[in-house]
Amino acid sequence: MVERSGYLAVIASVEVLTPTLRKFVLAAQGVRFPAVSAGSHVVLGFGSAARRYKNAYSVVSATPDGRELSVIVRRAPQSRGGSAFLHDQAQDGTPVTVLSSANLFPVSKTAKRHLLLSAGVGITPFLAHARTLEAEGADYTLHHFCRPEEKPAFVTLLADLPPGRVFIHDRPPEDAGMKHHMAEEGIATHLYFCGPEGFMGWVEQAAAQLGFVAAKVHSEHFFVPEGGKPFTVVLASSGQRIAVAGDETLLEALENAGVDAPCMCRGGACGACALEVMDGVPEHRDHVLTEQEKTEGRTILTCVSRARTDTLTLNL
Amino acid sequence: MIVSSQLPFAPLVLDASGVRHLYVRDTADCPLPDGCGAVMPEIWTVVSDATVMADAREGEVLLRSVTALLERLAGRLARERVGLRLYGAGGASFLSRVAIVADAAGLATGEVLLAPPRDTARRVVCVHCDTLNDGVQADTVRCLGCGTTLFVREHYSRGLGAYMGVGEPEILLQAMEAAARHG
């Protein structure tokens with residue numbers, strides 16, 4: 001299947017950062033990439049003739065002329081195949097389509113100071129943010145948390161930023177005294193964080209205990225939609241029944257069946273893909289719906305959520 | 001959706017998510033926020049008495065004027081750490097000036113809580129000459145700067161702490177009349 005829209009590109013270079021992290025530089029073919037601001041993600045379309053993938057990745061850098069942009073991809077242990085494809089099969093010249101881009105994680109332009117906290121591959125949006133903030137002369141500090149064996153790779157990755165701005169910890173935030181550092185922040189500081197779920201939970205809890213208000217707390221829950229139990233989705237308008245396999249998302253199943261379903265972030269963070277559930281019980285995995293909405297079960301985010309029941313009927 | 005430009009006034013309740021609390025008021029008549037007791041805010045009160053010294057007295061700081069309080073507040077917020085909740089009570093003019101100081105210090109929604117104002121006097125900015133007219137009670141006011149009769153619009157500038165006043169300046173009326181006479 002050939003993508004009907006998007007910006008055609010090829011992989012210009014692959015850099016192995018750690019055994020699980022690779023940086024891919026994409027070069028535009030023909031039409032240049034749209035301008036991407038720091039914090040943006042792109043949805044990439046790639047794969048083989050047998051299996052196409054559409055995955056969202058944070059843009060770590062982009063040239064101002066729109067000819068190149070870079071993403072870092074972590075090989076997900078429960079990969080549905082996308083990250084494994086990029087790690088195992090992608091090489092220089094592999095075609096990739098930039099299907100869309102959006103910024104769901106900008107910095108607050110009016111903030112006097114920015115505290116950026118990341119763990120693991122959660123560094124990706126902050127690579128762009130830190131360089132932009134540095135270029136603007138803004139006040140910021142980045143704390144990155146990783147495993148000891150990965151520290152040299154992140155030291156290299158962040159080497160161009162001033163040592164006084166960037167701190168790389170090879171211990172968990174609790175052991176590194178991060179809560180104490182957060183408590184010392186001035187009242188004007190905005191807090192940004194991105195990383196695996198356990199890290200996100202720790203920062204959320206610490207921020208709440210220290211009295212950070214919601215207006216100053218910004219996070220991006222990146223996560224790879226995981227597979228699960230296969231089920232069947234029924235489209236109410238046409239009665240069409242579509243099988244959702246264990247290793248594909250509901251959204252992917254709809255797209256593979258030629259259904260024009262809404263979507264944007266493909267990671268349960270933006271809410272653009274929300275559809276009304278008419279029958280069946282959803283298994284919610286997103287960060288958008290409120291607890292009440294999840295309990296009511298009338299709405300589902302197709303990019304990450306699945307079904308508890310064998311069939312799920314959608315108002316589509 | 002209509003987005004109001006007004007300050008978000010609401011009856012004051014101590015916000016348990018804060019770790020330090022500061023309550024500023026332009027008169028001692030303003031009651032403490034609801035929920036005070038086990039947790040008490042630091043209290044700053046304007047007493048309008050030139051002999052007052054700004055010493056803490058039983059947890060309360062007395063200030064001799066609104067200006068003195070706002071200057072002290074700006075200094076305090078510049079050194080303040082995350083977790084403070086600022087509460088304000090008093091007249092509309094006082095509250096608008098507290099909001100300006102808090103905004104300048106980088107406080108955000110949720111960190112500044114303002115009680116419904118105790119008076120209806122508004123500050124009005126003349127869009128023709130930029131003069132600030134204080135204590136406007138009616139819907140119209142003759143501008144102290146250019147003499148234009150201003151109609152007070154429900155458009156509040158958080159930066160100026162004032163409502164927009166719009167009129168037809170005398171010079172404009174004269175020009176229009178002259179143009180009409182000479183065809």
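These legends describe close-up views of a predicted model. Residues are numbered from 1 along each chain as its sequence is written, and chains are lettered from A, with ligands numbered from 1, in the order in which they are written. Local features need pLDDT of at least 70, side-chain atom pairs count only at pLDDT 80 or more, and totals for chains, interfaces and linings use all residues; side-chain values use heavy atoms, leaving out hydrogens and water.

**View 1. The two domains of chain B.** Domain 1 spans 20-114 and domain 2 spans 122-171. These bounds come from an automatic or database domain assignment. Over C-alpha atoms, the centres of domain 1 and domain 2 of chain B lie 28 Å apart.

**View 2. Where domain 1 of chain B meets domain 2 of chain B.** Four residues of domain 1 contact five residues of domain 2 (contact: heavy atoms within 4.5 Å). Together the two domains bury about 440 Å², with 45% of it on carbon and sulfur atoms. Buried area is the accessible area (1.4 Å probe) that two parts lose on being put together, summed over both. On the domain 1 side, B:Ser96, B:Ile100 and B:Asp103 supply 66% of the area buried against domain 2, more than any other three residues.

**View 3. The salt bridge between the domains of chain B.** One salt bridge is counted between domain 1 and domain 2 (a side-chain nitrogen of Lys or Arg within 4 Å of a carboxyl oxygen of Asp or Glu). B:Asp103 pairs with B:Arg158 in a salt bridge, their closest N and O atoms 2.7 Å apart.

**View 4. The interface of chain A and chain B.** Chain A brings 16 residues to the contact and chain B brings 17. About 1,200 Å² is buried between the chains, and carbon and sulfur atoms give 59% of this area. In chain A, the residues that lose the most area to chain B are A:Ile187, A:Gly211 and A:Val213, together 45% of what that side buries.

**View 5. The salt bridge and helices at the chain A and chain B interface.** The rule finds one salt bridge across this interface. B:Glu111 forms a salt bridge with A:Lys216; the closest N and O atoms are 2.4 Å apart. On the chain A side, helix 4 (178-183) and helix 5 (197-210) are the elements that give two or more residues. Helix 5 of chain A gives the most, with three residues. Helices here are DSSP runs (H or I, at least four residues), numbered from the N terminus.
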